[in-house]
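Here is a short report on one protein model. Look over the sequence and the structure first, then read on.

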Amino acid sequence: MGLFCCPLCGKKLVKQQGTLRCLNRHSFDIAAEGYTHLLPANRKHSAVPGDDKQMVAARRRFLEAGFYAPFANKLCELVGETVADIAHPVLLDAGCGEGYYTAQMAVENPQMRTAGFDISKFAVKAAAKKYPGIEFAVASIFHIPAPAESVDCVVDIFAPAVPEEFARVLKKGGRWIYAVPGARHLYGMKEVLYAQPYENEVKDTEYPGFRFEKRVSVQAEITLPDAESIEALFSMTPYYWNTPKEGAERLRALTTLKTEIAFDFLVYQRK
């Protein structure tokens, strides 16, 4: 039986001839790639929510080029510490995108059952096709189709923080690993985009139902060697949507870019 449950009634899902069905007869087709679409139409915020096919492809090229490898390595280390003493650990990657980090965590922690979901069907399709050993679904982070207290670790990399849902699906004592931008993440890019670049705010936030354990920071410097890599990184950021036209044009005129990168991993324990 899979980790995910029915998004409509919360009952367990059972595989039956290419579909997943619950006791209340809600049915969800299993795609050829192996993922399941568990995002009800009334919970979509647009006709095709999330990253489109081109953005997913660009993100995969960028991540697989290794620019963010320091972050993936530290994340796997933190997950390994979290599940080390658990007999049959379960990890859920909330907002998994095309599955780059999900797969890394699964490979580095083979004793762990790993699943991921994202609101973008293009991202989930790409993830399921490349990583068939991992359970993937199209779903909303605000209505996670997983049973209460079914997960030992939730990972959230730049996706929205929904502490009430994370607390619901996590077992007591389970961990939520939340990746946020460090103070000078992509500062070199910001210097090109904006006349007055700014550092990201750094603060330790308390969330109901959780105890804050620690902040783990990872910094590095990368050089993007071509316009394609620069555009791929740009499309992964919120600046892609709210940068003035002049700033975007300056960035797209570059053929190389050096910038700092910085992730902060915030680790919380469910009370």
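Contact here means heavy atoms within 4.5 Å. With that cut-off, Lys53, Val56, Arg60 and Glu64 in helix H1 meet Phe122, Ala123, Ala126, Ala127 and Lys130 in helix H4. Keep in mind that this is a predicted model.

## Helix H1 against helix H4

Two packed helices are described by the angle between their axes and the distance between the axes. Start with H1, residues 53–64, and H4, residues 121–130. Their axes come within 8 Å and cross at roughly 45°. H1 is therefore oblique to H4. The crossing of H1 past H4 is right-handed.

What kinds of residue make the contact of H1 with H4? Five are nonpolar, four are charged and none is polar.

## Helix H1 against helix H7

H1 also packs against H7. Here the angle is about 115°, and the axes are 9 Å apart. This crossing is left-handed. From H1, the contact uses Met55, Ala58, Arg61 and Phe62. From H7, it uses Glu228, Ser229, Ala232, Leu233 and Ser235. The residues of the contact of H1 with H7 divide into five nonpolar, two polar and two charged.

Helix H7 spans residues 227–235. Which of its residues are buried? They are Ser229, Ile230, Ala232, Leu233, Phe234 and Ser235. The cover over these buried residues includes several helices: H1, H6 (187–193), H8 (239–242) and H9 (245–252). It also includes strands S10 and S11.

## The sheet

Strands of a sheet pair through backbone hydrogen bonds, either parallel or antiparallel. This model has an open sheet of eight strands with mixed pairing. Read across it, and the order is S4-S7-S6-S5-S8-S9-S11-S10. Which strands stand at the edges? They are S4 (36–37) and S10 (210–224). Each has a single partner strand, so one side of each is left without a neighbour in the sheet.

Now follow strand S11. It spans residues 257–270 and runs antiparallel to S9, residues 170–181. Seven bridges join S9 to S11. Tyr178 stands opposite Leu266 in S11, and Ala179 has Phe265 of S11 as its bridge partner. S10 and S11 also run antiparallel, and 14 bridges join them. On this side, Arg215 stands opposite Leu266 in S11. How many of the 14 residues of S11 are buried? The count is 12, and S11 is mostly covered.

## Helix H3 and the residues around it

Gly99 sits in the loop between strand S5 (90–94) and helix H3 (100–108). Is Gly99 buried or exposed? Its relative accessibility is 0%, so Gly99 counts as buried. Leaving aside neighbours within four places in sequence, Gly99 is in contact with Ala127, Tyr131 and Phe136. Gly99 and Lys130 are 31 residues apart along the chain. Their C-alpha atoms are separated by 8.4 Å.

Thr114 belongs to strand S6. Its relative accessibility is 7%, under the 20% limit, so Thr114 counts as buried. Not counting residues up to four places away in sequence, Thr114 touches Leu91, Thr102, Ala106, Ile134 and Glu135.

## Two residues with positive phi

Most residues other than glycine have a negative phi. Gln17 has a positive phi of about 50°, although it is not a glycine. Look for Gln17 in the loop between strand S1 (14–16) and strand S2 (19–21). Gln17 is exposed, because its relative accessible area is 82% and the cut-off for exposed is over 50%.

Glu149 is not a glycine either, and its phi is positive, near 55°. Glu149 lies in the loop between S7 and S8. Its relative accessible area is 46%, so Glu149 counts as partly exposed.

Technical notes:
Residues numbered from 1 in each chain as written. Predicted model: local features only at pLDDT ≥ 70, side-chain atom pairs only at ≥ 80, totals over all residues. Heavy atoms only, no water. Helix = DSSP H or I, 4+ residues; strand = E, 2+ residues; numbered from the N terminus. Buried < 20%, exposed > 50% of the residue type's maximum accessible area, 1.4 Å probe, protein only. Axes fitted to C-alpha atoms, helices over the stretch in contact; angles between N-to-C directions. Parallel < 35°, antiparallel > 145°, perpendicular 65-115°, else oblique. Left-handed = near helix turned anticlockwise from the far one by under 90°. Nonpolar A, V, L, I, M, F, W, Y, C, P; charged D, E, K, R; others polar. Pairing = 2+ DSSP bridges.
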